Amino acid sequence: MDLFETLPPISDWERTRRGVELSAGDEHVRFDFVGPDVLRIKISQQGVFDATPTFAVVQDEFGTPEFTRRRTTRGMVLTPSTLKVRIAFDPFHFDVFRADGSSVVRSIEGEAYRFDDNGWRVRRAKTSKDTILGLGEKTQPFNHNGRRTS
């Protein structure tokens, strides 16, 4: 039995200095451009963003990147100079593409982010050419294609 919940549909949004913040019921999703080619995605827990998050990109004062925002019938598209972020509001999911159209990440409709009281889960679509490399552990194969990790 799967007890993980999905985010409700996005009901509201506002532009921020670096991107947008979306409202989904009591939760919030923030898409921040750290730079024109670096995107940070934050998702609140019980309506609050983590006060002391850790990030792969520690330094984030590269200036305020320029980007355009366009509403679509299903959501919105954010476009800095080197990326295209397509966000669907109902059900919530998102895709990120490079300027040449190649995929950075594609989420699965309705399963982009799921959560329960003890954790969260993300699901991404991948092609046969994509690899999923080590997640920090030292005792498993380097390539994680087809494996479940926790």
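Rings of Phe, Tyr and Trp (its six-membered ring) pair if their centres lie within 6.5 Å; planes under 30 degrees apart count as stacked, over 60 as edge-to-face and the rest as tilted. The model is predicted: local features need pLDDT of at least 70, side-chain atom pairs count only at pLDDT 80 or more, and totals for chains, interfaces and linings use all residues. Residues are numbered from 1 along each chain as its sequence is written, and side-chain values use heavy atoms, with hydrogens and water left out.

**Exercise 1.** Classify the pair of Phe33 and Phe67, and decide whether Phe67 is buried or exposed.

Step 1. The ring centres of Phe33 and Phe67 are 5.4 Å apart with planes at 45°, so the pair is tilted.

Step 2. Buried means under 20% relative accessible area, exposed over 50% (1.4 Å probe, protein chains only). Phe67 has 8% and is therefore buried; Phe33, at 0%, is buried.

**Exercise 2.** Find the distance of Arg15 from the ring centre of Phe67.

Step 1. A charge sits over a ring if NZ of Lys or CZ of Arg is within 6 Å of the ring centre and within 35 degrees of the ring normal.

Step 2. Arg15 lies over the face of Phe67, 4.2 Å from the ring centre.
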